[in-house]
Every structure is written in structure tokens, then in C-alpha cells.
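The sequence and structure come before the notes.

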Amino acid sequence: MKKFTNCGVKVLYIILLIIVLYVPNVVVAASAKSIPVLVYHRVGDTADALTVKPEKLRGDLINLKNNGYQTISLKVFEEYMSGKDVELPDKPILVTFDDSYQDNYENAFPILKENQCVATFFVITWLVDRNQDRLTSAEIKAMAAAGMSFGSHTVSHTVLVDKPDFWVQNELAYSKQFLEELLGTPICSVAYPEGKFNANTIKIAIEQGYSTGFTVEPGKSTRQTAPFKVCRIPVFSYTLDVVKAINNAPD
Ligand SMILES: [Zn+2]
């Protein structure tokens, strides 16, 4: 009996030791976590740097999965960046696509589903249902229903830093409104056309109700990153190893 009690005390001691030693590390790891954000454009057979072949996207997603990465939704990313208490996988990653090409539905969407991944698509809203090379409203709705996220890439893809305030206001307000009406969910993120922004762009984005802005500056995002200066790691047709590209990106 005495032996049993000693054994019980020992086990309790070990459990307490594990809690004391391990839990603070977990808390530190969670707050210090950085989230890489990838940016793709077209997925198809066009021969240019901004088009990746479908096989490459598939290979990238498998490579990410094999290295422990798990894709997260834009909502989770926005909440993390705004300091909310959000549950993240061990190695979270946000996969984004700019310019809302139709091949994102045709080619990328099935590959994402096949690999149980989610992604975020930044839409040029004026082109929806108007340009056959871009996503239609029906495609956007179908993708959203399958867990994909959407953000604004403005109405017309005008570089915002070159325009007067009223123009920037309209680009940000009407693209947000279009997607919110289409999807029935709040749209809180914008990807700046050509990644270009300045202090005034951010000021107007905040006034229009955005919480997060995506650039094309290379790097990873932590909670210390300004939420309107989110860095992204571009994936080009010639990016051989997406995990190496993440590892080489500045912190
Ligand atoms: Zn763009």
C-alpha cells in the first residue's frame, strides 16, 4: 500500500513537472508564431512567370502538407492579426490568389479540395460576370460554399497610391459592398493592386471598415506585423520549392 502511495506521489510530481516546464513554452510558442502568406496568380498553361501549372500547385500543396503546414481561412488569419484568441494549427499558412482569374475556379479549386486545403481569393469586382477570363459570381459563391475565403482586390485594379481620395474610397467601398452582398459575410481584407499602398491608403481602408491589408513585400506575418502591411511570399512558375521559399523569406 505504502509503495503504491509513493508511486502515486511520484506520478503526480512528474505530471506537475511537465505542466510547469511545458505549458509556459507552449504559450511562448503560440504568441511568437509567424504565419507565412503565399500569393499565386494564374493556374494554367499560359507561359509566364505569374502562371503556375496545375501540377505545380498540386506539388506545392503536397510539399506543404509533408512539411507540416495546414492552410487556414482568411477569417482565422484576420482574427489572429487583430490579437484575438484564436486556435491555430502548429504550422499555419495562408494561401492567397490575386486577380480572380477564371482558372482559379477551373484549375486551382479542384486541386485545393483534393488536398483538403482552403485558400483566399482577392477579387477585382468590376470584372465579375463581365470578363470571361475572370471568376463569375456563381463560381465565387460555389467556392465560398466549399470553405474558400474572399477579399477585395479593388473594383478596377487601379494602383491606389496614384489616385485622389474619392477614387480610393470608391475602389475600396464598392468592392467590399459587392462581395458582402454576393456572399452575405463581412469582407475585411484588401490586397492592394500591385502591392502599392501608402499611409493615406491605410487611413481610407480603415475608414471603409477594413481590418487587414495585403502587400507583396516578401516576409512572414506575426502579431507584431502591422495589419495593413501584411507581407506575402510570391510563388512564380520558376519557384522550385515553396517550402524553401518560405524558409528564405525574411521574418
Ligand atoms: Zn493584382
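Which residue stands opposite Thr-120 in strand 6? That residue is Thr-96. The model is predicted, so to speak of local features a pLDDT of at least 70 is needed and side-chain atom pairs count only at pLDDT 80 or more, while totals for chains, interfaces and linings use all residues. Residues are numbered from 1 along each chain as its sequence is written, and side-chain values use heavy atoms, with hydrogens and water left out.

**Overall make-up**

- The protein has 8 helices and 11 strands; these are DSSP runs numbered from the N terminus, with helices being H or I of at least four residues and strands being E of at least two.
- Of the 251 residues, 47% are buried, where buried means under 20% relative accessible area, exposed means over 50%, and partly exposed is in between (1.4 Å probe, protein chains only).
- Among contacts with a separation of 6 or more, 67% are between residues 24 or more positions apart; a contact means heavy atoms within 4.5 Å.

- Strand 5 (residues 91–98) pairs with strand 6 in the parallel sense, over 3 bridges; two strands pair if DSSP finds at least two bridges between them.
- Between these two strands the chain passes through helix 4 (residues 103–114), and this β-α-β crossover is right-handed. The term applies if, with the strands pointing away from the viewer, the path from the first strand over the helix to the second runs clockwise.
- Strand 6 also pairs with strand 7 (residues 149–152) in the parallel sense, over 4 bridges.
- From strand 6 the chain reaches strand 7 through helix 5 (residues 137–145), in a right-handed β-α-β crossover.
- Thr-120 stands opposite Ser-149 in strand 7, and Val-123 stands opposite Ser-152 in strand 7.
- In a regular strand the side chains alternate between the two faces of the sheet.
- In strand 6 (residues 120–123), Thr-120 and Phe-122 point one way, Phe-121 and Val-123 point the other way, and all are buried.
- In strand 7, Ser-149 and Gly-151 point one way, Phe-150 and Ser-152 point the other way, and all are buried.

**The loop between strand 5 and helix 4**

- Ser-100 is in this loop and is buried, at 1% relative accessible area.
- The phi of Ser-100 is near 50 degrees, which is positive in a residue other than glycine.
- Most residues other than glycine have a negative phi.
- Gln-102 is in the loop between strand 5 and helix 4 as well. Why does Gln-102 count as buried? Gln-102 counts as buried because its relative accessibility is 16%.
- Leaving aside neighbours within four places in sequence, Gln-102 is in contact with Gln-132, Asp-133, Arg-134, Leu-135 and Glu-139.

**Ser-175 in helix 6**

- Ser-175 lies in helix 6 (residues 165–183) and is buried, with a relative accessible area of 0%.
- A polar atom of the Ser-175 side chain lies 3.2 Å from the backbone oxygen of Leu-172.
- Not counting residues up to four places away in sequence, Ser-175 touches Thr-125, Ser-152, Thr-154, Val-155, Asn-170 and Tyr-210.

**Aromatic rings and charges**

- The structure holds 9 aromatic pairs; rings of Phe, Tyr and Trp (its six-membered ring) pair if their centres lie within 6.5 Å, and planes under 30 degrees apart count as stacked, over 60 as edge-to-face and the rest as tilted.
- Tyr-40, Phe-97, Phe-121 and Phe-150 form one aromatic cluster.
- Arg-42 lies over the face of Tyr-101, 4.2 Å from the ring centre. A charge sits over a ring if NZ of Lys or CZ of Arg is within 6 Å of the ring centre and within 35 degrees of the ring normal.
- Lys-176 lies over the face of Tyr-210, 5.8 Å from the ring centre.

**Glu-194 and Glu-207**

- Glu-194 lies in the loop between strand 8 (189–191) and helix 7 (199–207), and its phi is near 60 degrees, a positive value in a residue other than glycine.
- Glu-194 is partly exposed, with a relative accessible area of 47%.
- Glu-207 is in helix 7 and is partly exposed, with a relative accessible area of 49%.
- Glu-207 and Ala-173 are 34 residues apart in sequence, and their C-alpha atoms are 9.5 Å apart in space.

How values were computed:
A polar contact is a pair of N or O atoms within 3.5 Å; within protein, one must be able to donate a hydrogen and the other to accept it, and residues adjacent in sequence count only if both atoms are side-chain atoms.
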